[in-house]
Amino acid sequence: MISESSSREKVAPTILPDARGQASLIEAELSNSVAWLIRIRWLAAIGVILATWIVTTVFDLEVYSHVLLGIGAAILAYNSGFYWRNRLMEEAKAPASAYQQLVKWQVALDWMAMILLVHFSGGIESPVALFFIFHIIIVSIFFSPRAALASAVLASVLLAVNAGLEYAGMLPHAGVEGFLEAPLYRQGMYVAATLFFFASTSLIAAYLASSIERNLRQREQEVVQLSGQLHQTGLRLQTLNEAARTVNSTLELKEVLNRLVESTARVMGVQACSIRLLDKSGLNLEPVAIYGLSQAYLDKGPVSLASNLLAREVFSGKVVNLPDALNSPLLQYREEAQQEGIRAILSAPLLGKDGPFGVIRAYAMTPGCFDQQDEVFLVAMASQGSSAIENALAYQTIEELDQEKGRFIRMVTHELRSPVGVIRNLLSTLKAGYMGDLPGQGVDLLNRASRRLEYLQKLIDDLLDLAAGKTGVLAWGGDLETLLMERLVEQAVQRFEVTARQKDLNFRFDNSIGGQGVWIKVNREVFDMVLDNLISNAIKYTAPGGNVTVSIGVNEGVINILIEDTGIGIPAESMGQLFYEFYRAPNARALEPSGTGLGLAIVKEYVKRMNGHITVESRENQGSCFSVTLPAAPTPDIESADNQPRS
Amino acid sequence: MKKKVILLVDDDEDLRLSLRLELESGGFIVYEAGGVGEAAQVLPKITPDLIVLDVMMETPTAGFQFALELRDKDPNSTWSQYAQVPILLLTAIHRMTPFRFEPDDEYLPVEEIIEKPVDHGVLLEKVRNLIGRP
């Protein structure tokens, strides 16, 4: 993936540092080296000036001090120039070639300064000549091994020419008076031997330095490559991790699928990705999530296992890489793929508990752009995706069954409702004495029958509410209103004030929003029912003298309504079943024998319908706290603001 | 004083009996009809002061339609002479469907709506509110 094309790079997410960093790494390295060279040169120049001063004042030797000091000053001067040039280039983010050019200029001037220094400090007699070795090493660092060897030769030739000219008397000898007892520049053997050892030292130094440098460079390349690979691997791991999180964060099938195709395409750096799932017949693959493909391509025709060779191949459990998709015999819709610009396709099966149930595909616009790493990645995504999709599908089935149950409850209770209502009417007619007075026992029997009927009526009504929640009949009733949430809660609290006072409870409304104007889009009946249910429970199950507090808060568009009490609480073993239909905790049952056990199930359904959540915390004999979170609605405009709660 | 007359239209015989007894105990004269068709036959024979009308009978909206026919603004319509008779609608529709109704001159020209099941005493009270004591 290091050799990715620029078009693939464009779609790469910017979660980790950009892969472009590979190139700038080399430039940064060069700029650092240049700065290092400049720092050393400051020292060298100061060294020249200082050495000249020491030689003349401390050792009292005669040298061409003005010339040597001049050379030192010249080095300082041109080094200042290089210093500023490097700074400017850094700011302008100059390319590597500009730095190479700058180094060449530095080396050229250094070598001129060097040969002048050698000449004016005694030529072949000068110990300064050894400093050429440093310059050869510098060349080895910045240039090729060939250039390093050439520089060794050049240093030797320069020294030899200087020695030769002085030996022949064609160049005046600039020796250091008092350094040697007798000048050596005219002693042939000395000159030849010194030149020989100088040349061989230079060549060996060049060879060693460039060998070391070559190894270093190789390592540097490896580091650059590895960091690129790490970058890609990091991205992929992150995407896999995100995909794994998707599995846990949502059970909405559509959401799971969309996140999968998008993150796959983005991380692989390809233009498109799709997921197709087997339809109910088990013969055709239907597109269920698409990223980056046109509608025209999707409408190309059915993909059936019978006629689509690629699908069949993938369904045998294989990853199929078509590096040159248009020329692959496996491709069914060649023309459409060509029009779409697709050149390479990588497909992996989605494997469920009962074998393959779909296929995930990545599409690239350049042939042969999928490598083995891509295959491994797509398989990993497919495996993560498979479990996510299976979970979501299972959840969808449960939801559908639950709705079906709701519809059934609705049908049955509807049929039960009118006879029960009529029996109640008939009984109350009897009780009212229209048929003449009844004997005392008869009245008692009638009262018992009435009580049973009241319960039956409540049960039927609750079941209808529950079914309404499950099937969404009430919530989708078309009368969703945007209402001021705090008013609604306040009114619910007011509805229970009398009851709470009669029971001698400390009943409070804690409004931490304080007129911020938080709106909510709900079916008012549904919202009231939820609150009434929770508040009446809190009052019912709290002993006189206890506290019941309703509080509201809002945080980042999420409304939180808390209904807290200091009542009988919920036994730990009942917590898990509290919202189940017909479940009643033993302590609640003991306190209040009549009750359908449907109230909280209805509340839960309704809260779910309002896109909210309900949770409960409780300790037996200490109290309970029900927390309802709901999405806040945007503040309505003035025309619809007359939707103020009816008071 | 002449007793007031109520036409009670509901397809549930038992409910009719119970409601009739309640209304009669309040001093009203009650005629019954088991549906819109029967009501159409009974109406010309009586002069009701009030019609108590169920909604779901022959069809799920039979009561609505009958109310609309009764309140037809055309002076030549079949029921023009009953156009001023108040109508009290009995319905379980609020509980059974997501639809919400309230009396409306144009679409639901009735005086009052009572939700089924009808608790004892409620009907009598509403009737008295509408047409007064007999």
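In the predicted model, B:Asp54 and B:Lys116 form a salt bridge whose closest N and O atoms are 3.1 Å apart. B:Asp54 belongs to strand β3 (residues 50-54) of chain B, while B:Lys116 sits in the loop between β5 and α5 (122-131) of chain B, so the contact ties together parts that are 62 residues apart in sequence. Both partners, B:Asp54 and B:Lys116, are buried.

A salt bridge also joins B:Arg71 to B:Glu111, with 2.9 Å between the closest N and O atoms. This pair links distant parts of the chain, 40 residues apart: B:Arg71 is in the loop between α3 (62-70) and β4 (87-91) of chain B, and B:Glu111 is in the loop between α4 and β5 of chain B. B:Arg71 has a relative accessible area of 17% and is therefore buried, the limit being under 20%. B:Glu111, at 35% relative accessibility, counts as partly exposed.

In the pair formed by B:Glu32 and B:Arg16, the closest N and O atoms of the salt bridge are 2.7 Å apart. Here strand β2 (residues 29-33) of chain B contributes B:Glu32 and helix α1 (residues 13-25) of chain B contributes B:Arg16, so that parts 16 residues apart in sequence are tied together. The relative accessibility of B:Glu32 is 25%, and this residue counts as partly exposed. B:Arg16, by contrast, counts as buried, at 11% relative accessibility.

Over all chains, the structure holds 25 salt bridges. In chain A, a network of salt bridges links A:Arg495, A:Arg524, A:Asp528 and A:Asp532.

On the surface, a patch of negative charge is made up of B:Glu102, B:Asp104, B:Asp105 and B:Glu106; its members have no salt bridge. One of these residues, B:Asp105, lies in the loop between α4 (93-96) and β5 (112-115) of chain B. With a relative accessibility of 70%, B:Asp105 counts as exposed, because the threshold is over 50%.

A:Gly122 follows α4(A) and has a positive phi, near 120 degrees.

Methods: Residues numbered from 1 in each chain as written. Chains lettered and ligands numbered in written order. Predicted model: local features only at pLDDT ≥ 70, side-chain atom pairs only at ≥ 80, totals over all residues. Heavy atoms only, no water. Patch = residues over 30% accessible without salt bridge, like charges linked within 9 Å, V, L, I, M, F, W, Y side chains within 5 Å. Areas by Shrake-Rupley, 256 points an atom, 1.4 Å probe, with all protein chains shown as cover. Salt bridge = Lys/Arg side-chain N within 4 Å of Asp/Glu carboxyl O. Lys, Arg positive; Asp, Glu negative; His and termini not counted. Charge placed at Lys NZ, Arg CZ, Asp CG, Glu CD. Helix = DSSP H or I, 4+ residues; strand = E, 2+ residues; numbered from the N terminus. Buried < 20%, exposed > 50% of the residue type's maximum accessible area, 1.4 Å probe, protein only.
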